[in-house]
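My entries follow the order in which I looked.

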Amino acid sequence: MRKKYWTEERCLEEAKKYTSKGDFKKENKSAYYAAYKNGWLDNYTWFEKKSTIYWTEERCLEEAKKYKTIIDFEKHARGAYAAARKNKWIRNYDFFQKRMAHNRKWYYENCKEEAMKYKSRVEFRKGNSGAFQAAEKNGWLNDWFVSRMKQNYWNYETCLEEAKKYGSKGEFQRANATAYQASLKNGWINEYSWFKRPVAHNKKWTYESCKEEALKYKKRKEFQHESNQAYLISRKNKWLDDYFPRKKHIYIWTEENCLEEAKKYKTKSEFFRLSNGAYTAARKNKWLLNYDFFLTPPRKKKWGYENCKEEALKYKSRYEFQLGSKYAYIVAFKNGWIDEYDWLKRPSSKK
């Protein structure tokens, strides 16, 4: 049985090349894990330890002043940003607010000023989506629009005025659900005679009338889009196949055409992937056994200690070894043999 390469002495010599555990682990995992497993890491007292309270209030303030916006602060100094946000120091950084206002960021006052230009939330959202999203996110919408609802803003006159903007009940409901519900609840919606109802809404759809309607269209989707009621009844009663019969393409794979098809491909897997129907027929009828023209894929080489070493001698560095013979490299690295290949140059830890 081979002796382990990373002894206590070798680990110590390797560890002296680095200033922190992180660098040690990054540059030489084998030595690091050997030292970790055997408890030698605690003896490497020169490794630097980072303080857990580096970002004080003063340091956070100085760091924050380097950036124009909170977004830049968060992006380029995550540690300082997290500490300032956690300790609520970020609220005192008023120099951010002035710069953000210049970039048209939405705060309570300017957002309210913008919202007052509109009569409803729907109009506000359509008129200025950026201000609307900021107000919705911060819960300000209730301060500006709910009060109108509490004072019975949607009375007969306001509902009537709002309803006149739309051509159908569906459009009215989608655009202003509050006004629509008020109109529906109070029975005013029946007075909006300009709302158009589909011509065929109350029509009784029989097999013949559905068929007559369906023949006006070339595809099922077109039928569904233009005459949804007739389409739904036809689908429920399973009449759609009568109006739009599905085309079935059946191809019979004989021994001759299977052979011709198989000759187009180099391997069985390629034949299976690109012509599944022919492959299935050939396999089912055992014609596949006669296709000796298919190339047999080479068997994977088994990498042991000796042939891994022999393969590694072809290269000057670990990187070349990895590129030139991926599987041999993986086996050598996994088993710790790669550390014995002294002729393979290691990447320098100095930048």
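The entries below start with conventions and then go topic by topic.

**Conventions.** I am working from a predicted model, where local features need pLDDT of at least 70, side-chain atom pairs count only at pLDDT 80 or more, and totals for chains, interfaces and linings use all residues. I number residues from 1 along each chain as its sequence is written, and side-chain values use heavy atoms, with hydrogens and water left out.

**Salt bridges.** I searched for salt bridges, meaning a side-chain nitrogen of Lys or Arg within 4 Å of a carboxyl oxygen of Asp or Glu. The structure holds eleven. One of them pairs glutamate 13 with lysine 16 at 3.9 Å, N to O.

I then looked at glutamate 123 and lysine 165, whose side chains form a salt bridge at 3.1 Å, N to O. Glutamate 123 lies in helix α9 (residues 121-127) and lysine 165 in the loop between α12 (156-163) and α13 (169-175), so this bridge ties together parts 42 residues apart in sequence. I took helices (H or I, at least four residues) and strands (E, at least two) as DSSP runs, numbered from the N terminus. For burial I used relative accessible area: buried is under 20%, exposed is over 50%, and partly exposed is in between (1.4 Å probe, protein chains only). Glutamate 123 is partly exposed at 27%, and lysine 165 is partly exposed at 44%. I also noted that Glu123, Glu162 and Lys165 are linked in a network of salt bridges.

Next I checked arginine 220 and aspartate 241, which meet in a salt bridge at 2.7 Å, N to O. Arginine 220 is in helix α16 (residues 220-226) and aspartate 241 in helix α18 (residues 240-243), so the pair ties together parts that are 21 residues apart in sequence. Arginine 220 counts as buried at 18%, whereas aspartate 241 is partly exposed at 46%.

**Glutamate 63.** Is glutamate 63 buried or exposed? At 13% relative accessibility, I have to call glutamate 63 buried. I found this residue in helix α4 (residues 57-64). Its side chain makes a polar contact with the side chain of tyrosine 67 at 2.7 Å. A polar contact is a pair of N or O atoms within 3.5 Å; within protein, one must be able to donate a hydrogen and the other to accept it, and residues adjacent in sequence count only if both atoms are side-chain atoms. Setting aside residues up to four places away in sequence, glutamate 63 touches Trp55, Phe73, Ala77 and Ala80, where contact means heavy atoms within 4.5 Å.

**Nonpolar core.** I defined a core as buried Ala, Val, Leu, Ile, Met, Phe, Trp, Tyr and Cys residues joined through side-chain atoms within 4.5 Å. The largest has 14 residues, and those with the most contacts inside it include Cys60, Phe73 and Tyr93. Two or more residues come from each of α4, α6 (78-86) and α7 (94-102), with α6 giving the largest share, four residues. Beyond its neighbours within four places in sequence, tyrosine 93 contacts Glu57, Cys60, Leu61, Ala64, Phe73 and Ala84.

**Cysteines.** I found zero disulfides, taking a disulfide as a pair of cysteine sulfur atoms within 2.5 Å. Cysteine 11 is buried at 0%, and cysteine 111 is buried at 0%.

**Ring pairs.** I counted rings of Phe, Tyr and Trp (its six-membered ring) as paired if their centres lie within 6.5 Å; planes under 30 degrees apart are stacked, over 60 edge-to-face, and the rest tilted. The whole structure gives 34 aromatic pairs. Among them, phenylalanine 271 and phenylalanine 294 are tilted, at 5.9 Å centre to centre and 35° between the planes. Phenylalanine 271 and phenylalanine 294 are both buried.
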